[in-house]
There are 2 protein chains.
Amino acid sequence: MTSIVALAGGVGGSRFARGLRSAAGAAELSVIVNTGDDVTVHGLRISPDVDTVLYALSGVVDEKRGWGPRGDTFRCMEALERLGGETWFRLGDLDLATHLRRTELLAQGETPTQVTAELARRLGIHDVRIRPMTDSPVETWVELRDEQGWVHFQEYFVHRRTEVAIRGVQVRGLAEASAAPGVLEALAAADAILLCPSNPFVSIGPILSVPGVRDAIDTARRRGVCVAAVSPLIGGATIKGPAARMLSELGYTASAAGVLEVYAGLVDVYLIDPVDRGLSAEIERHGARPVVADALMRGRRGEARLARVLLKAAL
Amino acid sequence: MTSIVALAGGVGGSRFARGLRSAAGAAELSVIVNTGDDVTVHGLRISPDVDTVLYALSGVVDEKRGWGPRGDTFRCMEALERLGGETWFRLGDLDLATHLRRTELLAQGETPTQVTAELARRLGIHDVRIRPMTDSPVETWVELRDEQGWVHFQEYFVHRRTEVAIRGVQVRGLAEASAAPGVLEALAAADAILLCPSNPFVSIGPILSVPGVRDAIDTARRRGVCVAAVSPLIGGATIKGPAARMLSELGYTASAAGVLEVYAGLVDVYLIDPVDRGLSAEIERHGARPVVADALMRGRRGEARLARVLLKAAL
């Protein structure tokens, strides 16, 4: 059976993963999800990218925001604010249930991989295997400009709304981390490895940095497996998230081609939007074959169409 | 300034404490609250009796249930149920905020006493000092009949709804516990020490068992301070909670007088309902002076009236 493995972050990744499910037909689909954004808030363990993928694939996601359950309310956060609690990491009442469940299961000794499988099962996701990249505790930190020092990614992303320039990204704990059970095996068995349109530094980057992952991908490529990516940038900008700003702040070109500088020779097939057609030659210089298609995922159909184009080019 | 110290458990205790505030006038009022019921659920630290007292004294309590915030919703619990989580300990969306805040502050190194003071301040309680009995972790466990073994009090109280007979009560961790800062000092400075109409085994009992508390009360009594209690039983039954059943299951008489068997010589003045007037001689045999007054706290006025009667007899 054809086996497809996708590496994903949050909103963009979850949407593309949903498209992949539609496009994959009978193929086996695994989504390896970034956990560098994970954070403990009020004693609760939160895994934002895993949750976004879970919510998207189970169909409960708030389509407008792209994350969190649809129709969520924030009564607990409102009460917490009255109690003087920190509420910049806004947890909806429905969303909280996921964090309570995760925290409880982890306290009972289950691993993030087991917790994710249980949540997926309860949410009715049976056709896609969602795997956290590692069961080890890792944390993405970013260094802020102007001597403001290092902060947890969520401090930069949620609390400061990415409104401050950065000059470095570090995934802490990776040296002692190992890939979650099944991750390297899935890559070894893959017929295509896809990089979702997620942030190259703080979504795909941490996954690629998990010990063994890059080697497993290189091994797969040597036996002819194609690594195909969708550009997270369209016309030099992102639909959501700070990828474009981070590219220029970290010394790369803020364009679809600039993303390939970060991926440094890893990508064989690269999907770009028609507006970026002019970057084709540059993309080829990075060793990737450009594929041009509407990269803006408009609704479920747009997601599926994009995934079909990429799959066709990759398989 | 006159100083009044009340020992309290949950619903009955919180109502009487509210009456005391009305009745105390310019006197200083401290409420020492049982923490034996405290429990960690889904990683959140919950202090049910402290919260009930906080909610009652701040006026946000659901008057009908007697605990939890008024108008609370259970959206998180409903979502948690769909995720297969344990929901027998039902946490409302507003209530959850209190537990998130407590858990966060404890994680930051604050003590239960400090957390309680902060929550009280945020809830606008400035005229009553609410003190958890201890900052040490203690847990009330009950032994179920028929070889079912020992369970945490909440397992018996909430999960099993007290529908199973018990044969023992144990407050674990007391030997290593010490009274919270200010508790022994408050008792030493008290002009009256009041036992609220709370469960003698699992509400007042744990407070009296905290090392130093019983000694501090005895010392106060030797200097003439009156220990006055309100019977938690009226006509052999309780308004709320399992005190009557526990009395008979543990070998005591299930009556207002039976409660004094448990308090074993500690009570000087004992308020009973007119329906229990016939127990006066028995109460005197336990060394207490009976005071007869409507012990059913009907609304805020009923609470205040009851407190006034007890205070008058005690001061």
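Hi everyone! Before we start, residues are numbered from 1 along each chain as its sequence is written, while chains are lettered from A and ligands numbered from 1 in the order in which they are written. What we are looking at is a predicted model, where local features need pLDDT of at least 70, side-chain atom pairs count only at pLDDT 80 or more, and totals for chains, interfaces and linings use all residues.

Let's begin with the pair of chains.

How many residues of chain B are in contact with chain A? There are 24, and they meet 24 residues of chain A. Here, contact means that the C-beta atoms of two residues, placed from the backbone, lie within 7 Å. On chain B's side, the elements giving two or more residues are helix H3 (75–82), helix H4 (93–107) and helix H5 (112–122). H4(B) gives the most, with 10 residues. A note on those names: helices (H or I, at least four residues) and strands (E, at least two) are DSSP runs, numbered from the N terminus.

By class, this side of chain B has 11 nonpolar, seven polar and six charged residues. Ala, Val, Leu, Ile, Met, Phe, Trp, Tyr, Cys and Pro count as nonpolar, Asp, Glu, Lys and Arg as charged, and the others, Gly among them, as polar. And 100% of the interface residues of chain B are also interface residues in chain A, so the copies meet through the same surface.

Now for a pair of helices in chain A. Two packed helices are described by the angle between their axes and the distance between the axes. For helix H1 (residues 11–23) and helix H13 (residues 299–314) of chain A, the angle is about 70° and the axes are 7 Å apart. Axes are lines fitted to C-alpha atoms, for helices over the stretch in contact, and angles run from 0 to 180 degrees between N-to-C directions. That makes H1(A) roughly perpendicular to H13(A), a label for 65 to 115 degrees, with under 35 counting as roughly parallel, over 145 as roughly antiparallel and the rest as oblique. Among the residues making this contact are Phe16(A) and Leu20(A) from H1(A), and Leu306(A) and Leu311(A) from H13(A). The contact residues divide into seven nonpolar, two polar and five charged.

Next, the sheets of chain B. One is an open sheet of seven strands with parallel pairing, in the order E5-E2-E1-E9-E10-E11-E12. Two strands pair if DSSP finds at least two bridges between them. Strand E5 (128–132) and strand E12 (289–292) of chain B stand at the edges with a single partner strand each, so one side of each has no neighbour in the sheet. Further in, six bridges join strand E1 (residues 3–8) to strand E2 (residues 28–33) of chain B. Ile4(B) has Leu29(B) as its bridge partner, and Leu7(B) has Ile32(B).

Is E1(B) mostly buried or exposed? Five of its six residues are buried, so E1(B) is largely enclosed by the rest of the structure. Buried means 20 or more other C-beta atoms within 10 Å of a residue's own, exposed means 12 or fewer, and partly exposed is in between, with C-beta atoms placed from the backbone.

The other sheet is open, with three strands in the order E7-E6-E8 (chain B) and antiparallel pairing. Strand E7 (149–152) and E8 of chain B are its edge strands. Helix H8(B) packs on this sheet, touching E6 and E8 of chain B, and its direction makes about 40° with that of E8(B). Eight of the 10 residues of H8(B) (residues 200–209) are buried, so this helix too is largely enclosed.

Most residues other than glycine have a negative phi. Thr162(B), however, has a positive phi of about 55° and is partly exposed, with 17 other C-beta atoms within 10 Å. Ala264(B) has a positive phi of about 40° and is exposed, with 10 such atoms.
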